[in-house]
Amino acid sequence: MIYEPAVIIAVVLGLVEVVKRIGLPSRFCPLLAVVIGVLASFISPSGSIGLTIMVGVIYGLSASGFYSGVKNTAGK
């Protein structure tokens, strides 16, 4: 499905935001996003384990980059 990566990135972003509001320091949020992204990539594996992990890292980095981009644009 073509929308799957966008949905997974949005879910990763949402989960990281929830954990951040619970009390996780902001400096750990990108690392958490990558971990959640890797775990989420196993929902629909992309072939080999290595490729699936790489896709998960991309999900996590995309989620953390999207968050910082919106944050900087909003001026917060």
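**Exercise 1.** Which residues are buried in H1?

*Solution.* This is a predicted model: local features need pLDDT of at least 70, side-chain atom pairs count only at pLDDT 80 or more, and totals for chains, interfaces and linings use all residues. Residues are numbered from 1 along each chain as its sequence is written, and side-chain values use heavy atoms, with hydrogens and water left out.

Step 1. Take helices as DSSP runs (H or I, at least four residues), numbered from the N terminus. Buried means under 20% relative accessible area, exposed over 50%, partly exposed in between (1.4 Å probe, protein chains only).

Step 2. Ile8, Ile9, Val12, Leu13 and Val16 of H1 are buried.

Step 3. Down the axis of H1, these buried residues fall within an arc of 140°, so they line one face of the helix. The arc is that of the directions from the helix axis to the C-beta atoms.

Step 4. Ala6, Arg21 and Ile22 are exposed on the other side of H1.

**Exercise 2.** Check the span of helix H1 (residues 4-22).

*Solution.* Step 1. The expected span is 1.5 Å times one less than the number of residues.

Step 2. The 19 residues of H1 should therefore span 27 Å. The end C-alpha atoms of H1 are 27 Å apart, which agrees.

Step 3. Gly23 follows H1, with a positive phi near 145°.

**Exercise 3.** Treat helix H2 (residues 29-41) likewise.

*Solution.* Step 1. The 13 residues of H2 should span 18 Å. Its end C-alpha atoms are 18 Å apart, in agreement.

Step 2. Buried residues in H2 include Cys29, Ala33, Val34 and Ile36.

**Exercise 4.** Classify Leu15.

*Solution.* Leu15 lies in helix H1. Its relative accessibility is 40%, so Leu15 counts as partly exposed.

Note on methods. Helices (H or I, at least four residues) and strands (E, at least two) are DSSP runs, numbered from the N terminus.
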